[in-house]
Amino acid sequence: MKILVTGGAGFIGSNFIFYIEKKHPEYELVCLDKLTYAGNLATLAPMMDRLNFKFIRGDIADQEAVFDIFETEKPDVVVNFAAESHVDRSIEAPGIFLQTNVIGTQVLLDACRSYGIQRYHQVSTDEVYGDLPLDRPDLFFTEQTPLHTSSPYSASKASADLLCNAYQRTYGLPITISRCSNNYGPYQFPEKLIPLMIANALADKPLPVYGEGLNVRDWLYVEDHCAAIDLILESGQAGQVYNIGGHNEMKNIDIVKLICKALDKPERLITYVTDRKGHDMRYAIDPTFIHEKLGWLPETKFEAGIQRTIQWYLDNQDWWTEIVNGEYQSYYERMYGNR
Ligand code: NAD
Ligand code: DAU
């Protein structure tokens, strides 16, 4: 089986490539990534000399390039991780979110329609459901929860989901969609809550908590997300949406305090800053469907996963300081310049 993994130089995509390489060494993997600020080829260095792996730098919204890749690579399966993924950036500049997340998805779907595909899997997010109130802990997102987005990011992801549904129904494309809660783990870009707080705490810099820090997110270790997608590819039903989450709700402020404690840093570093515009209050996934249909359950307990993650950032400071300094672009030139 040959899988085209888009966005495989980012956080979840790279973890997915490592997961698949280990679990299914017989699969062929082609990674298509634009290497935006969030993509880092250094992450994929261990894959570069594998015979079953190929990296292609390109934009999923570039129809000619994508069609060329389908023509030459003939993938059996596409897993689309490629996206602009940071809510704050979408508030600042929505345009690129529509271009990559919506038009990019449309181009991939059109390529699948033209060249044929066994499965197209869209990696979506729980943010398409909007948010839940803090005073209703009995409410959860199910696959039937209506789409109700808050940010330009979540609106772009919901639009892509709707396009997937349209291509499934209109053209009969075999599409699955997964909507996962917040991931954490190795290789997450240091703009996101957990790695940002780790990096700042290590540098004794202020830890900027939005609003009062009472917003709740439902954290899942990234490898559990990868395992769920693998299962959906193997046994999921075309046309189906699968929610992925592990009933691990935590307030932001509790996460930040936990990071301070783990790194032996004082809580006085915590600084409350102006809230994110339109800030979603609570996300909470009901994962009953994927559990009952595919037998998926998260394996990593938060206490173990967060310690492993913090340790990873301690052990891999070169990885994230290089990113922060913008050095990953010159890494690309070094790696490919003379090939
Ligand atoms: P990320 O920002 O770390 O990585 C995105 C990757 O996509 C980068 O490698 C980037 O270079 C690439 N990319 C961006 N635009 C591209 C384009 N036009 N063409 C080709 N490649 C492009 O994101 P992530 O956190 O790994 O998220 C991956 C996917 O999972 C996204 O679709 C996101 O919406 C979804 N998701 C993320 C989370 C989370 O907690 N991080 C949770 C649920 C769903
Ligand atoms: O729920 C899935 C989504 O999770 C994914 O679809 C997104 O791609 C991913 O970025 C993530 O979105 P969030 O907005 O929830 O993640 P982020 O890490 O940006 O923020 C988590 C919470 O922490 C949120 O309530 C905002 C808050 N926050 C974030 C940052 C970066 C802070 O308080 N301070 C910060 O500096």
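Helices (H or I, at least four residues) and strands (E, at least two) are taken here as DSSP runs, numbered from the N terminus. In these terms G172 is placed in the loop between α5 and β6 (175-180). The structure described is a predicted model. Because its relative accessibility is 54%, and the threshold for exposure is over 50%, G172 counts as exposed. G172 and K293 are 121 residues apart along the chain, and their C-alpha atoms are separated by 22 Å.

L35, although not a glycine, has a positive phi of about 55 degrees. This residue belongs to the loop between β2 (28-33) and β3 (53-57). L35 is buried, with a relative accessible area of 5%. A positive phi, near 55 degrees, is also found for D204, again a residue other than glycine. D204 is located in the loop between α6 and β8, and with a relative accessible area of 47% it is partly exposed.

Ligand 1 is surrounded by 28 residues, of which the closest are I12, D33, S85, Y153 and K157. Several polar contacts involve this ligand. A nitrogen atom of ligand 1 lies 2.8 Å from an N or O atom in the side chain of D59, and a nitrogen atom of the ligand is 3.1 Å from a polar side-chain atom of T100. At the backbone, a polar atom of G39 is 3.5 Å from an oxygen atom of ligand 1. Taken alone, ligand 1 exposes 840 Å², and 97% of that area is buried by the protein. Two or more residues of the shell are given by each of the elements α1 (11-23), β5 (119-125) and α5 (152-171). Of the contributing elements, β5 gives the most, with 3 residues. By class, the shell around ligand 1 divides into 12 nonpolar, 12 polar and 4 charged residues.

The surroundings of ligand 2 comprise 24 residues, and T125, D126, Y153, R276 and H279 are the closest. A polar side-chain atom of T125 is found 2.7 Å from an oxygen atom of ligand 2. For R217, an N or O atom in the side chain is 2.8 Å from an oxygen atom of the ligand, while at S85 a polar backbone atom lies 2.8 Å from an oxygen atom of ligand 2. The area that ligand 2 exposes when taken alone is 690 Å², of which the protein buries 94%. Helix α6 (193-202) and strand β8 (207-210) each supply at least two residues of this shell. The shell around ligand 2 contains 10 nonpolar, 8 polar and 6 charged residues.

Helix α10 was examined for its length and for the placement of its residues. With 14 residues (302-315) and 1.5 Å a residue, α10 should span 20 Å, and the separation of 19 Å between its end C-alpha atoms agrees with this expectation. The buried residues of α10 are F302, G305, I306, T309, I310, W312 and Y313. Seen down the axis of α10, these buried residues fall within an arc of 155 degrees and therefore line one face of the helix. E303 and D315, on the other side of α10, are exposed.

Definitions and conventions: Residues numbered from 1 in each chain as written. Chains lettered and ligands numbered in written order. Predicted model: local features only at pLDDT ≥ 70, side-chain atom pairs only at ≥ 80, totals over all residues. Heavy atoms only, no water. Expected span 1.5 Å × (residues − 1). Buried < 20%, exposed > 50% of the residue type's maximum accessible area, 1.4 Å probe, protein only. Arc of directions from axis to C-beta. Near = heavy atom within 4 Å. Polar contact = N/O pair within 3.5 Å; in protein donor to acceptor, adjacent residues only side chain to side chain. Areas by Shrake-Rupley, 256 points an atom, 1.4 Å probe, with all protein chains shown as cover. Nonpolar A, V, L, I, M, F, W, Y, C, P; charged D, E, K, R; others polar.
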